[in-house]
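Have the picture open while you read.

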Amino acid sequence: MVLVDIDLCEPIVPIDVPDTVDGLAVIARLDGRAIGFSMRSPLSGKVTADDLDRHLGATCGPELLSERLRQSVAGHETTRPLDPTTMTVAVCTKDRPAGLGRVLTSLGTLQSSADGWGVEIEILVIDNASDDPSVRAVAETHGARYVREERPGLDFARNRALAETSSRWLTFFDDDVIVDPTWLRGFVEGLVAHPDAAAFTGLVLPARLDTEAQVLFERRGGFRHGFVTRRMGRQHPVDPTYPAGAGSFGTGANMVVRVEAALAMGGFDPALDAGAPMPGGGDLDLWYRLVRAGEVVVYEPGCLVFHDHRESTDALARQFRDSWGRSFHAFIDKCYRTDPPMRSAHRRYLWRWYRAMLTDLARSARGRSSVPPRYLVAELRGAVQGMAGDYRRAVRRAEQVERDHR
Amino acid sequence: MTLAPHPPVPMDVRSVDLADLPDGLTDPGRPIHLLVWHAGLALGAVDVPSDHLPMTREALVQTAIEAALPAVWCHLFAPEAAFLGRPTPRPPASAVLELDDPWKELHKRLDVDRSGTVDDLTVVICTRDRPDDLDRCLISIQALSPSPAEVVVVDNASRDDATRQVASRHAGVRYVREERPGLDHARNAGIAAVTTTYLAFTDDDVAVDPGWVGQLRRAFEAGPVAVTGNVLPIELETVSQTVFEQDWSLGKGFIPRRFTPALRGRGRRRAMPVWEVGAGANMAFRRDIFDEIGEFDPRLDVGAAGCSGDSELWYRLLVAGHEIHYVPTAVVHHRHRRDAAALKRQIRGYLSGHTAALLVQFERSRDASNLVRLVVVLPRNWYRVILARASGSMHPDRVMLPVQVAGAFAGVRYYLRNRR
């Protein structure tokens, strides 16, 4: 699909969608702030400004009105800078020098605007035992601090970042994202509105939609959790299973933690987010523990990054199986074991999850779901595997890694 | 239904004005039921849980706008939307962008001249043995701007003189006495006493918003024969008041609604949702409509079957081909019953009045959807309540099932015994 980023403070221009392409995806902004995302296909040929005008009105009219109302009430003055504070921006990476280079380049604008916002920024690259020596070269070219973490596993790398930082805030970006220039403004606005937050998660939009797998993933929701700031605390207004699952909190590819709060939680769990076969769950686990301890996690869509989704359908199917199947359910298994008061909530959550998955699978078999059955079957298989002792095995594996690297 | 799995607790009722926001919300030690306005227009409400408090000004801006957005959108871009009708297509983005100032546009559509008198509308309050409540109500009526042509108090066979004395203490209030006990008899006496083109009813346990009459009168310009308004809580000091507000609200939200006769043609299984039209505590009529369709039916009175005399009238109006508009910016503030026993009696009364009304509606119109609702839909709703209670989605303090079922049966029995 052709992916366009339109700011409605500028006049709308027509777009040409070539025949080789499936359709059109639109990121809508107003004055720099992202307010909506939509996909239209099949679509090809010339999309006139009027077409786009109508499309944008239909897909994000109320969001547009909301932003205009907010601007009118809050005034056009941009948010005030913070009392001086410090932030370490950490990118944990393994053997992906090109991706790392892109993230670090995009952080250039972040750094140059940081003083104006009252934030002193340090960029830190945690090289998670890359075999490729150019990773270090890329980090040093961009003037980032370079640290090598020998214990393989994303959560080992994250904990190393926690150990290496002396800032108040620690931000994590994955090595396959591009950080939007408005990110820091979004963080400052989120912090000003919620000064007691222990963690922030941000909006992740697709960087491109070139392959079928990328389009499929985004159709299923991608990493999007909406365009409205959400504050997550002890309880949820209507969901009795909250915070079981912690799925809607955000995505670890774009998150900030208050260092002292993360350390009080004992950091990230190295059994999770350990690479295959457990390539996920570490972020959810930390947010879950934070809110259970009475802390506040804020989803702030103003913290915007763009992500390179998996290109091949095989890789996507593996992601369904291993990230959202196995790792997710291993995380739920861990919560179930370690958080007894929440057991009935977890049981109810799982019941709902399986019921929704099976309904979706039935719809998918009839061609009425956003993804073909293959991916849902993979996710279900991963889920069943994940519940069957995967977490305990992962803990033993992590302990072995620690021993190997003593 | 927000906070449904959680126990209903007392809350602070607070209003904020988006045109003049405070520097945030302080923490009163309990949740806040936040009413959101913009320069006198009621636009939304949201329950703010304790762990969102204290709230910064920036977070308050976002919370208040989120609460007001659906109503502002509808007022600006879908004001004619028929209730349960086809959704209005959204305008192009340029329509939203070209608004010079959305708030100004909102006020241009909704504001009325606040000075002077609406000389073709009379306010009627039916009351019985509640002189203190009546006094408070009349004080709020004196603050109406614009003011009504006249105020009539219908004393429904009060046992002593106190009601008449309260009425006489307020200038410009006419006192009428109706000896036959029953709210619908009193309302009919009010209709007989009114000489202006329009009349508006409210109850004695209500404080009216200063813009109430102006908003009701404006709504008649669009052509409905009846108009209903919003009912907001004065206080939520007891669990019963909270349960009533959250689960049995008299107010029908902040989005304007048009009830049209097309609601009837939705099939035999779907009864006309007349319980959504509005509350007897806030309703206005073009007086001559009663000559056409008749008056309130005294069989459905408080004290008799329950209190659905007004919803049966909505039914008759729609069946006769007329429109009713719900105007959320025409606001009254209601003091809910404080104790659990009174709440239970009220719910029981709602259900008995409702089932009796369904049977009266069927009797008059022969529309089978009324019976379908009685025999299929209501029991199915109760079954869902049982499931919700079992799954933890509904807190036990909110489940009023025995009272509902008892009330429903009482209404059926009452109707069968009093059939004409």
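This is a predicted model: local features need pLDDT of at least 70, side-chain atom pairs count only at pLDDT 80 or more; totals for chains, interfaces and linings use all residues.

Residues are numbered from 1 along each chain as its sequence is written, chains are lettered from A and ligands numbered from 1 in the order in which they are written, and side-chain values use heavy atoms, with hydrogens and water left out.

**Where the chains meet**

- On the chain B side, 39 residues are in contact with 35 residues of chain A (contact means heavy atoms within 4.5 Å).
- Together the two chains bury about 3,000 Å², with 64% of it on carbon and sulfur atoms; buried area is the accessible area (1.4 Å probe) that two parts lose on being put together, summed over both.
- B:Asp51, B:Arg90 and B:Leu97 supply 18% of the area that chain B buries against chain A, more than any other three residues.
- The count of salt bridges between the chains is 0 (a side-chain nitrogen of Lys or Arg within 4 Å of a carboxyl oxygen of Asp or Glu).

**Who does the touching on chain B**

- α1 (57-77), α2 (93-98) and α3 (102-110) of chain B each give two or more residues to the side that touches chain A; helices here are DSSP runs (H or I, at least four residues), strands are too (E, at least two), and both are numbered from the N terminus.
- The largest share, 12 residues, comes from α1(B).

**Two crossing helices in chain A**

- The axes of α9 (residues 313-338) and α11 (residues 373-404) of chain A come within 6 Å and cross at roughly 35°; axes are lines fitted to C-alpha atoms, for helices over the stretch in contact, and angles run from 0 to 180 degrees between N-to-C directions.

- The peptide bond from A:Tyr242 to A:Pro243 is cis, with omega near 0°, and A:Pro243 sits in the loop between β12 (230-232) and β13 (254-258) of chain A.
- Chain B has a cis peptide bond joining B:Leu53 and B:Pro54, with omega about -5°; look for B:Pro54 in the loop between β4 (41-48) and β5 (55-56) of chain B.
- A:Asp31 is not a glycine, yet its phi is positive, about 50°; you'll find A:Asp31 in the loop between β3 (24-30) and β4 (33-40) of chain A.
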